[in-house]
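Subject: Structure handover

Hello,

Here is the structure I promised to pass on.

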Amino acid sequence: MPSHNTILPSALNTPGVERLRNKRVVLASASPRRREILRALGLEPEIVPSTFAENLPLSSFEQIHGYPVATAMHKAVQVYEKLVNESPDDPPDLVIGADTVVFTHALPSTTVEMETGTRQELLEKPTSKEDNLRMLQDLNWSVCEVVTGVFLVYPILTAPGYAVKEMDERSLVYFIDSPPHVLKAYVDNGEGFDRAGGFAVQGLGSLLIRKIDGDYHNVVGFPGASFFQLLDKLVEDEDDFLQI
């Protein structure tokens, strides 16, 4: 059986991290930003991108924050089942699925929806320069909510052969009042084209932002602090977590 070395020397020796030592840990995402965040925090998982289409209808969710969690679930379960079938003698010990989305009108959603009757709008990746500019104009001198759903899949002895845990992390991003020529210059730069919401907080997009309320890494693409906290809780609550 192949050996697996997921834990980097820089990692903190917490109970959750120690439980991952010599385990096959897989990130079901091709996102270089998620990989960079995890590596900076001492974890270097195997990368097996999911092929899930990520086309769930938002209208089917009574609570919109469940949308990224459901997408993360499909990614993680798909990759877990794929690897178990491909390598039954070396199945994954933990598969991590994640999905980050941007919602508009990000004051506490219950207040917004009750007082105005509006529903938060999901901002996908822009389809064109014009679409990117429209998004940034909507966000300008406003606030959006960035939500990352995280879904974990790991083996157990009872049917269906795996257990799951889920979480979501929410951060608020406050935009400055940028003049039109700055928004146009950012769109022309192209940085935001492959980013949900049309901006990258860790790049030139930071010039559009005045503050973040919540986990910065969550806005980039993965809530590292909450993820490692969840691992510690699983070790505390489940004696056989990753011990099979």
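The notes below go from the whole chain to single residues.

This is a predicted model, so local features need pLDDT of at least 70, side-chain atom pairs count only at pLDDT 80 or more, and totals for chains, interfaces and linings use all residues. Residues are numbered from 1 along each chain as its sequence is written, and side-chain values use heavy atoms, with hydrogens and water left out.

**Whole chain**

The protein chain has eight helices and seven strands. Helices (H or I, at least four residues) and strands (E, at least two) are DSSP runs, numbered from the N terminus. The C-alpha trace spans about 60 × 40 × 30 Å along its principal axes. Of the 244 residues, 52% are buried. Buried means under 20% relative accessible area, exposed means over 50%, and partly exposed is in between (1.4 Å probe, protein chains only).

Contacts come next. A contact means heavy atoms within 4.5 Å. Take those between residues at least 6 apart in sequence: 67% of them join residues at least 24 apart.

**Salt bridges**

A salt bridge is a side-chain nitrogen of Lys or Arg within 4 Å of a carboxyl oxygen of Asp or Glu. By this rule there are 16.

- Asp90 and Arg24 form one, at 3.9 Å from N to O. Asp90 sits in the loop between H3 and strand S3 (94–103), and Arg24 in the loop between helix H1 (15–20) and strand S1 (25–27), so the pair ties together parts that are 66 residues apart in sequence. Both residues are buried.
- Lys75 and Asp99 form another, at 3.6 Å from N to O. This pair links distant parts of the chain: Lys75 is in helix H3 and Asp99 in strand S3, 24 residues apart. Lys75 and Asp99 are both buried.
- Asp131 pairs with Arg134, with the closest N and O atoms 3.1 Å apart. Both lie in helix H5, three residues apart, about one turn of the helix. Asp131 is buried at 16% relative accessible area, while Arg134 is partly exposed at 32%. Salt bridges that share partners join Glu121, Asp131, Arg134 and Asp138 into one network.

**Two loop residues**

Asn140 is in the loop between helix H5 (129–139) and strand S5 (143–155). Is Asn140 buried or exposed? Asn140 counts as buried, because its relative accessibility is 18%. Leaving out residues up to four places away in sequence, Asn140 touches Phe175, Ile176, Asp177, Ser178 and Leu183.

Leu58 is in the loop between strand S2 (46–47) and helix H3 (66–86). Leu58 is buried too, with a relative accessible area of 18%.

Best wishes
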